[in-house]
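Subject: Structure handover

Hello,

The structure we spoke about is below, with notes on what was found in it. Please read the notes with the model open.

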Amino acid sequence: MGRGRVQLKRIENKISRQVTFSKRRSGLLKKAHEISVLCDAHVGLIIFSTKGKLFEYSSDSRCRTLGEGS
């Protein structure tokens with residue numbers, strides 16, 4: 001038996017929202033890496049936090065231009 005559906009709505013508690021963001025961000029980065037390895041695909045992922053902090057992933061190091069020097 002699977003999990004029930006999660007209702008998508010903004011998390012009002014600031015701390016819970018940050019924890020959820022961190023966990024989901026790391027999950028997205030992991031999935032991006034997995035699809036690049038398993039499918040031999042070129043993957044690029046850009047995530048901005050609510051405070052404007054940049055998180056990036058690129059499966060090809062030659063494509064890594066965004067975020068250098070910052």
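Leu45 is in contact (heavy atoms within 4.5 Å) with Leu28, Leu29, Ala32, Phe55, Glu56 and Tyr57, leaving aside its neighbours within four places in sequence. This is a predicted model, in which local features need pLDDT of at least 70 and side-chain atom pairs count only at pLDDT 80 or more, while totals for chains, interfaces and linings use all residues. Residues are numbered from 1 along each chain as its sequence is written, and side-chain values use heavy atoms, with hydrogens and water left out.

Leu45 also belongs to the largest nonpolar core, whose six residues are Ala32, Val43, Leu45, Ile47, Phe55 and Tyr57. Strands β1 and β2 each supply at least two residues of this core. A nonpolar core here is a set of buried Ala, Val, Leu, Ile, Met, Phe, Trp, Tyr and Cys residues joined through side-chain atoms within 4.5 Å. Buried means under 20% relative accessible area, exposed means over 50%, and partly exposed lies in between (1.4 Å probe, protein chains only).

Of the 70 residues in the protein, 16% are buried. Among contacts between residues at least 6 apart in sequence, 19% join residues at least 24 apart.

The two strands, β1 (residues 44-48) and β2 (residues 54-58), run antiparallel and are joined by five bridges; strands count as paired if DSSP finds at least two bridges between them. They form a hairpin with five residues between them, and Gly52 in the turn has a positive phi of about 90°. Across the pair, Ile47 stands opposite Phe55 and Phe48 stands opposite Leu54. In a regular strand the side chains alternate between the two faces of the sheet. In β1, Leu45 and Ile47 are on the covered face, whereas Gly44, Ile46 and Phe48 are on the uncovered one.

Next, the charged residues. How many salt bridges does a search of the whole structure find? There are two, a salt bridge being a side-chain nitrogen of Lys or Arg within 4 Å of a carboxyl oxygen of Asp or Glu. One joins Glu12 to Arg10, with the closest N and O atoms 3.4 Å apart. Glu12 is exposed, at 61% relative accessible area, and Arg10 is exposed too, at 53%. Glu34 and Lys31 form a salt bridge as well, at 3.7 Å from N to O. These two residues are three apart in helix α1, so about one helical turn separates them. Glu34 is partly exposed at 27% relative accessibility, and Lys31 is exposed at 55%.

Arg25 lies in helix α1 (residues 14-38). Arg25 is buried but has no salt bridge, and the nearest side chain of opposite charge, Glu56, is 12 Å away. Not counting residues up to four places away in sequence, Arg25 touches Ile47 and Phe55.

Last, confidence. The mean pLDDT (the predictor's confidence in each residue, from 0 to 100) is 87, and 84% of the residues reach 70 or more. Over residues 66-70 pLDDT stays under 50, and the model has five contacts beyond four places in sequence for them.

Regards

Methods:
Helices (H or I, at least four residues) and strands (E, at least two) are DSSP runs, numbered from the N terminus. Lys and Arg count as positive and Asp and Glu as negative; His and the chain ends are not counted.
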